[in-house]
Amino acid sequence: MRRLVRVAALLLACSPAFATEPSEMLKDPALEARAREIGRALRCVVCQNQAIDDSNAEVARDMRRAVRERLAAGDRDEAVMAFMTARYGDYVLLKPPFKPGTLVLWLGGPLVLLLAGGALLLAARKRRAPEPPAPLSEEERARVDALLRRDDA
Amino acid sequence: MIPELGHFALILALAVALVQGSLPFVGAARGDIRLMALGSTAALTQAFLVILAFAALTQAYVTSDFSVANVVANSHSAKPLLYKISGVWGNHEGSMLLWALILALFGAAVALFGSNLPDSLRARVLGVQALIGVGFLAFLLFTSNPFERVSPAPPDGNGLNPLLQDPGLAFHPPLLYLGYVGFSVTYAFAIAALLEGRVDVAWARWVRPWTLAAWCFLTCGIALGSWWAYYILGWGGFWFWDPVENASLMPWLAGTALLHSAIVVEKRDALKSWTVLLAILAFSLSLLGTFLVRSGVLTSVHAFAQDPARGLYILGFLLLVTGGGLALYAWQAPKLVSNALFQPVSREGALILNNLLLCTLAATVLLGTLYPLFLDLVTGDKVSVGPPFFNATFVPLCAPLFAALCVGPFLAWKRAEIAPALARLRIAFAVSVVAAIVAAAAIDGRATLSAIAFGFGVWLIAGSVTEFVVRARRGRLRTMTRAAIGMTISHAALGVVVLGSVATASWQVEMIRTMKPGETAQFAGYGVRLEQVAPLQGPNYIAERATLTLTDGGKPYTTLTPERRLFTVQRRQISETSIHTNLLRDLYATLGEGDATQGWTIRLYWNPLAPWIWLGAGLCALGGFVSLTDRRLRVGAPRRSRPAVQAAE
């Protein structure tokens, strides 16, 4: 129960709409735009599926500051991302990196498309050339002849 | 007294559902008319009882009966009446009761309007419906009783989550559930068909209106939810790829696929077993959606494990419904032989492509939503899957879907030529290419992908209109079916949604700054002046309201009044955005923290074409409703003209 309360308290802290504050923003609009872009790709570590750009949590604020400090120090976007993942782990990336643990995640969709598409193509090919009916056995042939003869009579 | 009556009605409903879920099956197997007819009577009785239970809970909410635990936890005497009523389903127990209510109402509808169904099919459909009902009623009674009393009764309740006290969200769950539960009828028809071992044209004519109705409601429900998120969450976004949103998107995608494949069953007597499979999947995804949202598994795997009874029950039920359905399918599907032949390039082929892509989209969303849970359970690794992932995987898959969408309706059944269809679409293609180039040149030269996506939106509208015009030119306008008109509306409306989403997501203009009263700023061509920030007393909250006047070329244009509300009972703040729309763009303002000396944080957004997202979604559902009024579907199932299913050798 106590744990649930803690989770609830954390979620309350994440209430949106009071996210990135003017006091945090960088003077240079181009740099600030890059900071926002990066902020949208990083996850607030205590919130439920929220980017640091949209979160009001204290941690998110610290993370936004860290991003802006690195940018102001002249880091490239990739270097900032690398810095943040080194600090918080791959967990902060809202787009998970391509690695053994995420193979299924990244390849699952295309795999479904390929397998289902392939199966459909095979089925279509099979349908195009219907199998010729199996030849009649001796016994069947005799019966057909008998029936035909009866009709003629 | 009344809550006990409600509780009692619920117990009786469970008993009736148990009867309805067993005897009609026996009747159908033995050909006993009386036992089969029992299904209809039981369905009506069950609906009556669940209505009673729901009315009892509503009564407790409206009169603020704080001896009922559920009312204490989720209501407050000072709450406006609308939110007292919506509070009934704004919580776990109540929303499950709403589920059971809609399920019972749909069952009653099948009983009432299904008189032209073959007796055994109707009995089996009602039986399956009842079994689903048993699952939900037992869940309510054994784990989530909404009528539980507290003693002594507290003087007042805890109030409803302020985020939910909103007209948009008041009607969001009922619409969503109408969609989810609507697919239960389709599921019941699929299971009944598997038990009977036959799927024919009449079956498809029955299934299509149910699927269509469910789909329309689900579309409205999702749109309403997204609209709510847009104006309440306060940063101008409209879709966040949140698991809760994905939970409703998955059944929508599967339902859209089902809608299209059912056409093939109806018109061409083909794709039968695939359609049955889709019906099972669509409802399973609806249940999965309910499970994800209701079990707490999303908050964290650990929160789920803290109170596992409910979550495990829904999980077990989900496995039973899905697993049972699929097992029955594996056993009986080979009997469902389609004997219609068609070439890959044909209307059938186009609809299969539609199904292939929609199912891949659904699978992508499913993977992205469940993967973090899955990985955490299996390896303990934590991974985040957010909007950038879906933008990289989901959005590109939409391109072939949208490209093919306009071509499909031009293809003939069985065998078609692709070149004439493309030739007819050349004007539509040219228009969309021009639109993309204009978008790239006029707005933002760097955002090439956004411009292409914008072109796709125009393509959907132009292509759908072209198809309509070609038909009208051939003099077929007067004989055009409502279903065809509905298709044109929905397809074009999808284009409207695409244009709105692309424009808002790509070309939004934002201003975040601190302003003091009297201060002015320039934003998106308007002069903005913060007049004042004044305190305000609401019915169950206190608020600060900012008054922003906007001027256009010196002349007064409009006033925006965003608020920041503090709900006193829950001590929770939420922001009330203020939006001015002219249907081509929204001016969107929110008020952040601040005081008179420091100034307040003001956020302003200029969201181009934003209203089109929900306008388009509404139109999309409207197209579905128009199609639903088609004469063919109103008349109901025609007589069987031929034995449609032959036993497989």
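In the predicted model, Phe98(A), Leu103(A), Val104(A) and Leu107(A) form a nonpolar patch on the surface, with about 370 Å² of accessible area together. Accessible areas come from the Shrake-Rupley method with a 1.4 Å probe, and for residues only the protein chains shown count as cover. Patches consist of residues with over 30% relative accessible area and no salt bridge, like charges being joined within 9 Å and nonpolar side chains (Val, Leu, Ile, Met, Phe, Trp, Tyr) within 5 Å. A salt bridge is a side-chain nitrogen of Lys or Arg within 4 Å of a carboxyl oxygen of Asp or Glu. Leu103(A) belongs to helix H5 of chain A, residues 103–128, and is partly exposed at 38% relative accessibility. Here, buried means under 20% relative accessible area, exposed over 50%, and partly exposed in between (1.4 Å probe, protein chains only). Helices (H or I, at least four residues) and strands (E, at least two) are DSSP runs, numbered from the N terminus.

Residues are numbered from 1 along each chain as its sequence is written, and chains are lettered from A and ligands numbered from 1 in the order in which they are written. Local features need pLDDT of at least 70 and side-chain atom pairs count only at pLDDT 80 or more, while totals for chains, interfaces and linings use all residues; side-chain values use heavy atoms, with hydrogens and water left out.

In chain B, strand S4 (residues 541–552) contains Leu550(B), which is buried at 2% relative accessibility. Contacts of Leu550(B) (heavy atoms within 4.5 Å), not counting residues up to four places away in sequence, include Tyr526(B), Val528(B), Tyr557(B), Leu560(B) and Leu587(B). Leu550(B) and Leu560(B) are ten residues apart in sequence, and their C-alpha atoms are 7.7 Å apart in space.

Ser67(B) is located in the loop between helix H3 (33–62) and helix H4 (69–74) of chain B. Ser67(B) is buried, its relative accessible area being 16%. Beyond four places away in sequence, Ser67(B) touches Glu148(B), Arg149(B), Val150(B) and Ala153(B).

No disulfides (pairs of cysteine sulfur atoms within 2.5 Å) were found over all chains in a search of the whole structure. Cys220(B) is in no disulfide, and the nearest cysteine sulfur, that of Cys216(B), is 6.9 Å away. Cys220(B) is partly exposed, with a relative accessible area of 23%. Cys406(B) is likewise in no disulfide, the nearest cysteine sulfur being that of Cys620(B), 13 Å away; Cys406(B) is buried at 3% relative accessibility.
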